[in-house]
Amino acid sequence: MDAAKPLLRFERVTCRFGEVTAVDGVTCDIAQGSFVALVGASGSGKSTLLKTVNTLVHPSEGRVRFGGEDVAALPPAKLRRRVGYVFQGIGLFPHFSVAENIAIGPRLAGEKLPPERVAELLTLVELDPAFAKRMPDELSGGQRQRVGVARALAGGPELLIMDEPFGALDPVTRDALGRKVRELHERLGLTTVMVTHDMAEALLLADRVLVMDAGSIVTDETPRALLAGAGGAVAQRLVSVPREQAEKLAVLESRA
Amino acid sequence: MEEIWDILPGLGDKLAAHVVLSASAIGLAILIALPLAVWAGRSPLVSRLALSLASLVQTIPALALLALFFPLLLSLRAVFGEGLPTLGFLPALMALTLYALLPILRNAVTAQANLDPGVLEAADGVGMTRWQKLVLVQAPLSAPFIMAGIRTASVWTIGAATLATTIGQPSLGDPIFAGLQTQNWALVLAGCFASAGLALAADNLLWVIEVGLARRRRWMTFGGIGVVALGILAALWAQGSGSDERRIVIAAKSFSEQYILAQLIGQRLEAAGYAVEYRDGLGSAVVHSAVANSSVDISVDYTGTIWTNYLKRTDNPGREAMYATIRDWEAQNTGIRVLGRLGFENAYAFAMRAERARSLGVTSLTDLAAKAPQLTVGGDPEFFERPEWIAVRDAYGLRFARSRNFAPTFMYNALQSGEADVISAYTSDGRIAADRLVVLEDPAGALPSYDAMLMLSPRIAQDRGVVAALEPLIGAIGVEAMREANFAVDREDAGKLTPKQAAETLAKKVGLTK
């Protein structure tokens with residue numbers, strides 16, 4: 001693993017909603033330049049933990065440091081420009097064109113994103129720059145999420161956080177977009193944290209996999225180590241699903 | 001009904017007043033509802049409270065809501081001083097604004113609640129502040145739905161604004177109410193057409209704005225807003241271009257005799273060089289207070305009405321004593337100057353068809369009491385609440401099988417068609433003679449006298465010109481002449497006159513003009 005200083009640090013982060021403790025004292029460092037997958041079943045607390053990074057959720061206890069600074073002390077608008085956010089709901093503004101959607105972050109900061117930069121961002125996510133003038137309801141689901149990624153990248157973020165970013169897409173689009181994001185991660189020198197419930201996706205894209213269960217991180221391993229049987233019972237149960245599927249597919253293939 | 005086309009062009013000033021009133025009410029409702037909707041979007045408690053209150057307002061009939069602001073504003077004078085208007089534009093504006101709140105508020109709250117949560121999360125995710133989120137995302141996405149609410153509110157408000165006539169605010173309700181009272185159907189239809197046309201025009205213009213907002217067609221949105229603004233400006237200009245010197249305002253309650261006398265008074269004042277204005281169709285309870293606070297300047301009221309409703313007396317000291325007492329009481333308590341009596345009485349009486357009375361053997365209220373349990377009594381909407389009715393009922397022990405309310409003009413029809421066996425009639429009513437009705441005797445003297453009196457507001461009480469112009473009316477109008485004039489307005493055949501024509505005829509008849 002990269003020896004660089006941590007870009008992101010969770011310090012005993014606890015989130016309670018009434019009686020429910022969604023995140024229970026998580027402490028963890030995310031190194032600069034790493035691609036981390038946060039995996040867990042529904043209700044394990046992974047989305048909640050992710051949202052403490054851009055302060056969409058405020059921890060009940062503990063704190064999150066981003067580049068050494070407490071995120072709670074940073075102005076939210078400024079923080080969220082440095083943290084690109086992609087999520088399952090996509091949330092393109094239906095009354096804005098594709099270009100206006102992409103340019104919204106810089107616009108909020110009082111900056112006008114030039115059309116060349118919009119075209120460049122569209123090319124980056126493999127969309128025709130002519131899409132800039134279209135409205136979101138003229139796009140397919142995959143195209144919309146590509147615009148969502150372009151919007152997250154528009155402000156030149158250091159950190160990309162993604163909450164089930166490909167959850168609502170068909171498998172082919174999902175695979176292509178996943179690989180595209182990994183490629184952009186390398187190319188732009190990003191640090192990426194991706195929440196997913198799909199262990200296969202995590203194993204294939206990330207270079208570090210955290211498994212959450214009942215609000216705690218129970219496993220912190222590389223994909224290779226997980227496939228070799230490390231990480232404990234919860235992690236191995238999640239790994240066994242794609243592994244058994246792969247084995248069954250292999251058997252089918254050998255019979256054919 | 002070609003007359004409608006003759007009447008419509010004359011309704012310009014009523015239309016202008018109607019537009020200004022409706023637009024002000026809707027504008028004020030928008031100013032209140034939108035911030036309230038934003039607040040409601042952040043607090044479920046506020047949302048529930050605001051929507052329940054707005055719904056509660058809707059359950060009050062518009063007519064009652066308008067009337068309720070009169071006593072409310074009257075009591076608020078203790079705080080804001082005597083200058084606070086209690087009739088006319090202000091109470092009408094307040095009532096209509098309350099009425100317009102619900103559809104705007106409900107649509108705005110619903111629109112916010114139904115926004116895509118993904119879009120709202122994205123707004124936070126890209127770093128919008130609460131204000132930016134409201135302006136850039138929530139407001140534009142809710143706008144078409146809010147506009148639909150404003151459309152509904154506009155149609156309701158333009159319709160309900162016709163009722164503002166009853167509290168002395170000029171509107172397209174003026175021809176409707178005047179026409180209903182005098183059975184001038186062309187006048188009623190002209191008022192209805194004008195207000196329905198206005199409502200349709202507003203609805204369609206606002207629809208253009210709504211579509212413009214929904215489809216993001218700026219030219220539609222701004223074009224629609226432009227035309228609406230032009231319409232309102234034109235109405236304001238039309239209103240403002242009238243002379244703004246204070247005119248003499250003459251009140252009329254909602255029956256023919258009052259319309260005729262208001263015209264008669266107005267004609268005399270105009271001949272003396274005064275500018276006059278009519279407030280027709282005022283509720284009976286409103287008129288006295290309106291004169292007392294100089295919201296209107298002249299009214300014709302009746303001794304029995306003032307005696308029971310304002311002096312709260314139930315005794316009957318006789319006609320002359322009653323008048324003298326009232327004149328002194330008004331001078332001391334309200335500042336109203338009772339200039340004198342016109343010369344006729346418009347007392348309450350009970351009337352029956354002649355052959356019905358004969359077959360039942362009824363000639364007096366005492367006879368009636370014995371037969372009442374088989375009979376239906378008809379009265380105007382106020383009648384069964386009035387102390388006069390209670391006094392008569394208790395004096396004779398009247399117990400009718402049924403009692404029904406009719407508008408004054410329809411009571412006689414109800415009597416003819418048998419829907420009522422006996423009605424509360426007015427002694428100056430021309431239809432008593434025309435329909436050959438029997439007026440039942442009142443041996444117990446339970447019904448007080450109702451001499452018509454000329455009442456002047458404190459503002460003009462000492463105006464010598466006014467007094468000089470009106471003094472010739474005192475004692476000049478006998479009951480026969482008044483009945484004839486009333487009948488001329490109420491009849492439905494070719495001899496029908498407008499209140500204005502009837503006033504001219506009456507003036508000639510009693511020798512006031514040649």
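Residues are numbered from 1 along each chain as its sequence is written, and chains are lettered from A, with ligands numbered from 1, in the order in which they are written. Because the model is predicted, local features need a pLDDT of at least 70 and side-chain atom pairs count only at pLDDT 80 or more, whereas totals for chains, interfaces and linings use all residues.

The pLDDT is the predictor's confidence in each residue, on a scale from 0 to 100. Its average over chain A is 90, and 98% of the residues score at least 70. Helices (H or I, at least four residues) and strands (E, at least two) are DSSP runs, numbered from the N terminus.

A residue is called buried if 20 or more other C-beta atoms lie within 10 Å of its own, exposed if 12 or fewer do, and partly exposed in between, with C-beta atoms placed from the backbone. By this criterion, 6 of the 6 residues of β8(A) are buried. A:Thr191, A:Val193 and A:Val195 lie on one side of the strand and A:Thr192, A:Met194 and A:Thr196 on the other, and both faces are covered. Strands are said to pair if DSSP finds at least two bridges between them. Strand β3 (residues 35-40) of chain A runs parallel to β8(A) and is joined to it by 5 bridges. Strand β7 (residues 159-163) of chain A also runs parallel to β8(A), again with 5 bridges. In the latter pairing, A:Leu160 stands opposite A:Thr192.

A:Val39 belongs to β3(A) and stands opposite A:Thr196 in β8(A). A:Val39 counts as buried because it has 27 C-beta neighbours inside 10 Å. Two residues are in contact if their C-beta atoms, placed from the backbone, lie within 7 Å. Leaving aside neighbours within four places in sequence, the contacts of A:Val39 include A:Thr196, A:His197, A:Val209, A:Val211 and A:Leu238.

Other strands of chain A pair in the antiparallel sense. β4(A) in turn runs antiparallel to strand β5 (residues 69-70) of chain A, with 2 bridges. This hairpin has 2 residues between its strands, and A:Gly67 in the turn has a positive phi of about 60 degrees.

Where the two chains meet, 16 residues of chain B are in contact with 17 residues of chain A. On the side of chain B, α6 (117-125) and α7 (130-160) each supply at least two residues. The most come from α6(B), with 7 residues. The residues on this side divide into 8 nonpolar, 5 polar and 3 charged; Ala, Val, Leu, Ile, Met, Phe, Trp, Tyr, Cys and Pro count as nonpolar, Asp, Glu, Lys and Arg as charged, and the others, Gly among them, as polar. The buried residues of α6(B) are B:Val119, B:Ala122, B:Ala123, B:Asp124 and B:Gly125. Their cover includes α2 and β6 (83-87) of chain A together with α7 of chain B. After α6(B) comes B:Gly127, with a positive phi near 95 degrees.

Chain B is divided into domain 1 (3-240), domain 2 (248-345 + 450-509) and domain 3 (348-439), with bounds from an automatic or database domain assignment. The centres of domains 2 and 3 of chain B, taken over C-alpha atoms, are separated by 26 Å. Between these two domains, 16 residues of domain 2 are in contact with 14 residues of domain 3. On the domain 2 side, α21(B) provides the largest share, 7 residues.
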